[in-house]
Amino acid sequence: AAETEDIVSEYIWTADRLLDAGALNIVFETLSSPQGIEEAASHIKDRNADSFIMVNFAVQAGGFTAEGIYAGDIIEELSGSQYIDAIGFNCGSSAGHLLETVKAVRDKGLLKNKYFAVLPNSGYPMVVGNRTFYEGDPYYFACRLKDMEEAGVNILGGCCGTTPAHIEEARKLLDREPEKQD
């Protein structure tokens, strides 16, 4: 209980600084647990009911956070929140692996009244000479984002390793008109 109070206190302190500076939209990201999020989101909405709150969890291939919590369980827990506007995933996985998690969450019928956000890494990190590189192909990344859009994701982006080339390829595919069916 004391740990949750500390987490909530830190979230609220940070949110208050942002709100005091004029921020309207607040993003909690790369989380491994929903602990304290509902309380912090409630505080933010109490201060400014027009705030848009997005909460993203880092899930690894297979859909589990570093704390061993399944992505679908987190989404299910928070999808009923009246304070959170968007829930999703960022970091931890490549676009291909996050697509599988997206489909599993979608198939459970969750997020009916929320925006679904996904911001995958461009690939997986490689460390060479004390430098970290991501070798994810921009076109592959863009294709997986398009697949996510078709699976019901409303907010798309990129996390670690995402470059302007990745975003450019994504824009090309996401701006394309759907092909007509005969």
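I number residues from 1 along each chain as its sequence is written, and I use heavy atoms for side-chain values, leaving out hydrogens and water. The model is predicted, so I ask for pLDDT of at least 70 for local features and 80 or more for side-chain atom pairs, while totals for chains, interfaces and linings use all residues.

**Salt bridges.** I looked for a side-chain nitrogen of Lys or Arg within 4 Å of a carboxyl oxygen of Asp or Glu. The count comes to 10 salt bridges.

I began with Asp20 and Arg17. Their side chains meet in a salt bridge at 3.9 Å, N to O. Both residues lie in helix H1 (residues 2-20), 3 residues apart, about one turn of the helix. I take helices (H or I, at least four residues) and strands (E, at least two) as DSSP runs, numbered from the N terminus. Arg17 is partly exposed at 37% relative accessibility. My classes are buried under 20% relative accessible area, exposed over 50% and partly exposed in between, with a 1.4 Å probe and protein chains only.

Next I checked Asp85 and Lys45. The closest N and O atoms of this salt bridge are 2.9 Å apart. Asp85 lies in the loop between helix H3 (71-78) and strand S3 (86-94), and Lys45 in helix H2 (residues 37-47), so the pair ties together parts that are 40 residues apart in sequence. Asp85 is partly exposed at 21%. Lys45 is buried at 14%.

Then I turned to Glu169 and Lys172. Their salt bridge has its closest N and O atoms 3.3 Å apart. The two residues are 3 residues apart in helix H6 (residues 164-175), about one helical turn. Lys172 is partly exposed, with a relative accessible area of 46%. I also noted a network: salt bridges that share partners join Asp16, Arg17, Asp20 and Arg47.

**Surface patches.** I built patches from residues with over 30% relative accessible area and no salt bridge, joining like charges within 9 Å and nonpolar side chains (Val, Leu, Ile, Met, Phe, Trp, Tyr) within 5 Å. Accessible areas come from the Shrake-Rupley method with a 1.4 Å probe, and for residues only the protein chains shown count as cover.

Met126, Val128 and Phe133 form a nonpolar surface patch with about 230 Å² of accessible area together. Phe133 sits in strand S6 (residues 131-134). Phe133 is partly exposed at 33%.

I found negative charge gathered on the surface at Glu3, Glu5, Asp6, Glu10 and Glu67. Asp and Glu count as negative, Lys and Arg as positive; His and the chain ends are not counted. I place each charge at NZ of Lys, CZ of Arg, CG of Asp or CD of Glu. Asp6 lies in helix H1. Asp6 is exposed at 53% relative accessible area.

**Cysteines.** How many disulfides are there? I counted 0 disulfides, taking a pair of cysteine sulfur atoms within 2.5 Å as the rule. The sulfur of Cys91 has its closest cysteine sulfur in Cys160, at 3.7 Å, which is too far for a bond. Cys91 is buried at 14%. For Cys159, the closest cysteine sulfur is in Cys91, at 4.0 Å, again too far for a bond. Cys159 is partly exposed at 21%.
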